[in-house]
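Take a look at the chain below.

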Amino acid sequence: MLHRRSARSQVIKFAQYTMPIFEPAGHLCLLAEKLEAVERGELKRLMVFLPPRHGKTELCSIRFPAWYLGKHPQNSVMGCSYAETLAYTISYAIRETISTNRYQKLWPLQLDTSGATRWQIAGKQDKRSSYIAAGVGGGITGEGADLMIIDDPVKNAEEAESLTYRDKAYLWYRTTARTRLQPNGSIVLIMTRWHVDDLAGRLLADAQRDPEADQWHVINLPALKDNQALWANRYPSPVLQGIRATIGSKSFESLYQGNPVQASGNIFKREWWQYYRERPVFQYKVHSWDTAF
């Protein structure tokens, strides 16, 4: 079934053609079908949750934009990541793919401008860049995107646990990134989940709270399901079990299973605490001091 899926997928064929060592794993074939639905305009908002090192950037952020621009050379793609340096590295990889002889045999596109931040395909009728690279929190004003790809907006656990950073990423998305999208444009958000309140968590909460907000098609591909590994050739079940034992169940559930767990105390549980509009009547009052401090 997975081989049949691979044979049907244009994106997978393109990835193998331009990168002969590309491995068409089953989960990547499934993901490629969703990306093709984005290209056709059938999916406007796609979220993908994948474990670390499972091929998401190579397929979604490099091969897919190169393929998309070959089919839509007049459109603009915006690629964003947690840091400008990573966004620029991805941008260079797309440029190099377009410049190869193999690509040129499919679509003889010439690059009119160089650089990693912004570049353009020769003959583009408007003045918009063909590709724009930016870090989360960076400025992208003055540009518009028909396709926006946000790949890993969170760098590490320190950022994920920081409410300040989560607020910053959410504000950047709402006031900067989302406002750059063309009226009929599409967004693909690809990430490893770190926190229940990360960017994906907030956008899904917005969608649930307001039916007029962007509604997302979500693909969560856990590393382990019924003790079967998602990418057994590279990360067999014993290897994943070793990772779980090393990093802990809470981190594994978030990063590898796409299911971030809300932090909870051992004595006082987070779910016990509530908000009140009026001061309740208390039966007991408890005082606590940290005498070490």
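Start in the loop between strand 5 (145–151) and helix 7 (157–161), where Asp 152 has its place. Keep in mind that this is a predicted model. Look at the backbone of Asp 152: phi is near 55°, a positive value in a residue other than glycine. Is Asp 152 buried or exposed? Its relative accessible area is 14%. The cut-off for buried is under 20%. Asp 152 therefore counts as buried.

Now move to another loop. Arg 53 lies between strand 1 (45–49) and helix 4 (56–71). Arg 53 is not a glycine, yet its phi is positive, at about 65°. What about its surroundings? The relative accessible area of Arg 53 is 69%. Exposed means over 50%, so Arg 53 is exposed. Asp 152 is buried, whereas Arg 53 is exposed.

Next come the rings. How many aromatic pairs does the structure hold? There are seven. Which residues do ring pairs link into a cluster? Find Phe 14, Tyr 103 and Trp 107.

Rings also meet charges here. Find Tyr 17 and look over its ring. The charged end of Arg 102 sits there, 5.1 Å from the ring centre. Then turn to Phe 49. Arg 193 lies over the face of this ring, and the distance to the ring centre is 4.9 Å. Phe 49 also takes you back to strand 1, which spans 45–49. The loop that holds Arg 53 lies between that strand and helix 4.

Technical notes. Residues numbered from 1 in each chain as written. Predicted model: local features only at pLDDT ≥ 70, side-chain atom pairs only at ≥ 80, totals over all residues. Heavy atoms only, no water. Phe/Tyr/Trp six-rings, centres within 6.5 Å; stacked < 30°, edge-to-face > 60°. Lys NZ or Arg CZ within 6 Å of the ring centre and 35° of its normal. Helix = DSSP H or I, 4+ residues; strand = E, 2+ residues; numbered from the N terminus. Buried < 20%, exposed > 50% of the residue type's maximum accessible area, 1.4 Å probe, protein only.
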